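I open this notebook to record what I looked up, entry by entry. The sequence and the structure come before the notes.

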Amino acid sequence: MEYKLTYNKYKEALMSDKFCGLKCNKCGGYTVPPKKVCMECASEDMDIVELSARGEIKTYTVIRVPPEGFDAPYIVSMVELDEGPWVMGNIVDLDPDKATMDLIGKRVSIGHKVVKGDKFSAGDGVALAFKLEG
Amino acid sequence: MREVAVVGVGMTQFGMSEKTQIEMFSEAAMDAITESNIEPRDIQALFLGNGLGDFEEGQMNMAPMCAADIGIPNVPATRFEGACASATVAMRNAYLWVASGFYDIVLAGGTEKAMAMGTPMATRTFAMGSDSRYEGFAGITFPGAFGMAAHLYSKKYGIPLQKLKEQMAMVAVKNHKNGVLNPKAQFRKEITVEKVLSGIVIADPLQLLDCCPFSDGASALVFASVDKAKELTKKPIYIAGVGQGSAGPLYTQKDFTRIKARETAVKQSYMQAGVGPKDIDVCELHDCFTIAEILATEGLGFFEFGKGSQAVEEGKTSLNGEIPINPSGGLKAKGHPIGATGAAQAYEIVKQLREECGERQVKGAKIGMIDTLGGDLATVCNMIFRR
């Protein structure tokens with residue numbers, strides 16, 4: 001069966017402000033970012049769905065020594081989506097020097113930012129951009 | 001499956017090297033071969049760990065060149081890549097091929113020249129261990145992944161971050177203290193908790209001395225079937241159990257204070273060896289960051305989940321503690337040439353079980369273990385050795 005939600009499709013959707021994932025028709029579980037089969041039950045029977053684009057911060061770090069091509073400091077965080085899966089992205093509306101453990105448990109809305117590629121990245125990419133709610 | 005033993009080991013000095021990856025490997029390999037009382041022509045296959053040779057020296061397909069350098073250009077020579085666990089994955093395969101009866105004598109190990117890249121490029125290439133599409137564009141780094149693990153750990157177990165940072169610093173202090181006693185270690189000087197806590201921040205909350213260095217180095221071991229081993233050496237060190245587990249990208253692992261790849265791997269190792277954590281006398285494990293050592297001591301079953309940081313504070317992992325962890329100095333002080341690291345851990349455990357470790361000898365050690373982690377907690381491979 002053809003790969004349902006490829007990285008390129010997922011990226012194009014994000015760039016038109018749609019955060020998409022896969023919902024399993026067999027077990028109801030969500031697979032985000034996409035995979036060939038459901039992360040919960042390994043079924044291929046999944047549909048592309050638009051997600052709520054909301055979630056809760058589970059952990060974070062501030063990168064102060066970056067890889068070549070990135071400008072530090074910036075915040076990387078793992079967010080648990082309201083649909084269940086965890087995703088990685090950047091908290092973009094907070095001064096990195098103000099990031100503390102109090103971030104954990106805070107609610108975020110999820111957008112995206114385009115990231116310039118380098119010679120190893122097969123072109124430009126997108127990262128999820130988290131904004132603190134309220 | 002038949003019994004397999006290590007009959008010879010070799011290891012270069014770790015740190016900055018003027019030599020190429022192939023030259024370093026050849027030195028370690030010939031030391032292992034000489035110690036095994038064999039000739040290179042007795043080797044039937046080479047299993048080589050190497051992480052980033054392509055980026056470090058523009059060298060792909062290094063294994064055949066390593067084999068040629070030690071005079072066995074025509075044996076099957078294969079590179080194994082499992083990020084920082086590359087050498088242990090190579091050794092597990094070497095073991096399996098001899099245990100199966102297909103080969104009698106093989107060479108396994110690894111080599112790496114990470115210092116050639118400089119910090120920005122090394123940080124970039126190490127980060128290739130993350131999911132390049134769904135994580136890499138966020139600019140995640142290896143220290144970043146473990147920084148996030150430290151924050152998760154602090155929150156989950158209700159240990160105030162400052163307290164946890166002090167306990168993490170004690171891991172670095174302990175491993176540096178052990179490293180002083182290891183002539184092949186990259187760092188041979190003691191440090192203090194205060195010094196760790198005053199270092200520059202690499203990725204919150206990890207400071208410079210919470211992190212292992214970039215390193216150059218190589219290590220190699222000769223594996224032989226039990227019959228051959230008994231002919232070749234008076235001190236064979238047997239492989240009692242091996243295990244390997246995987247996990248997908250970091251985001252799929254959710255609460256990564258529990259490392260599923262390790263828990264999968266170590267169940268296999270203990271079951272095959274017929275032992276449990278209480279039977280292990282000495283362990284070399286993956287302390288790429290101070291928090292990583294704490295997580296590993298829990299995942300291997302030495303301490304309850306959430307109690308590993310306290311165990312360090314209580315001295316339980318010191319050289320004279322209840323389970324000495326990283327007597328070699330670990331990745332932290334001995335150095336971490338990623339493709340060679342697992343083989344260097346095995347080098348230390350073999351030497352410990354032969355009682356050849358001088359001042360850092362764990363007295364009477366009979367059963368030893370290595371544990372190596374690769375990528376964003378995506379590969380863990382461990383091996384149990386006995387004398």
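**Entry 1: conventions and the domains of chain A**

The domain bounds I use come from an automatic or database domain assignment. On that basis chain A is given domain 1 (7–50) and domain 2 (54–132). I note that this is a predicted model, in which local features need pLDDT of at least 70 and side-chain atom pairs count only at pLDDT 80 or more, while totals for chains, interfaces and linings use all residues. Residues are numbered from 1 along each chain as its sequence is written, and chains are lettered from A and ligands numbered from 1 in the order in which they are written.

I looked up how domain 1 of chain A and domain 2 of chain A are placed, and their C-alpha centres lie 20 Å apart. Nine residues from domain 1 of chain A and eight residues from domain 2 of chain A form the contact, where two residues are in contact if their C-beta atoms, placed from the backbone, lie within 7 Å. On the side of domain 1 of chain A that touches domain 2 of chain A, α1 (7–15) and β2 (30–31) of chain A each supply at least two residues, and the largest share, three residues, comes from α1(A). I read helices (H or I, at least four residues) and strands (E, at least two) as DSSP runs, numbered from the N terminus. That side of domain 1 of chain A divides into six nonpolar, two polar and one charged residue; here Ala, Val, Leu, Ile, Met, Phe, Trp, Tyr, Cys and Pro count as nonpolar, Asp, Glu, Lys and Arg as charged, and the others, Gly among them, as polar.

**Entry 2: chain A as a whole**

I found one helix and eight strands in chain A, in the order α-β-β-β-β-β-β-β-β along the sequence. The radius of gyration of chain A is 16 Å, close to the 14 Å that the globule rule gives for 134 residues, so chain A is as compact as a globular protein of that length. For this the radius is taken over C-alpha atoms, and the rule is 2.2 Å times the number of residues to the power 0.38. Of the 134 residues in chain A, 39% are buried, a residue being buried if 20 or more other C-beta atoms lie within 10 Å of its own, exposed if 12 or fewer, and partly exposed in between, with C-beta atoms placed from the backbone.

**Entry 3: where the chains meet**

How many residues of each chain are in contact with the other? I noted 32 residues of chain A in contact with 31 residues of chain B. On the side of chain A that touches chain B, β4 (54–63), β5 (74–81), β6 (86–91) and β8 (125–132) of chain A each supply at least two residues, and β4(A) gives the most, with six residues. By class, that side of chain A has 22 nonpolar, seven polar and three charged residues.

I counted 15 helices and eleven strands in chain B. The radius of gyration of chain B is 19 Å, close to the 21 Å that the globule rule gives for 387 residues, so chain B is as compact as a globular protein of that length. Of those 387 residues, 65% count as buried.

Chain B is divided into domain 1 (4–118 + 215–237) and domain 2 (141–211 + 240–386), and the C-alpha centres of these two domains of chain B lie 23 Å apart. Their contact takes 36 residues from domain 1 of chain B and 33 residues from domain 2 of chain B. To the side of domain 1 of chain B that touches domain 2 of chain B, α4(B) gives the most, with seven residues.

The largest nonpolar core holds 171 residues, and Met91(B), Val106(B), Leu221(B), Val222(B) and Phe223(B) touch the most other members. Such a core is a set of buried Ala, Val, Leu, Ile, Met, Phe, Trp, Tyr and Cys residues joined through C-beta atoms within 7 Å. Leaving out residues up to four places away in sequence, Met91(B) touches residues including Phe47(B), Leu221(B) and Met383(B).

**Entry 4: helix α15 of chain B**

I checked that 13 of the 13 residues of α15(B) are buried, so α15(B) is largely enclosed by the rest of the structure. Just after α15(B), Glu355(B) takes a positive phi of about 60°.
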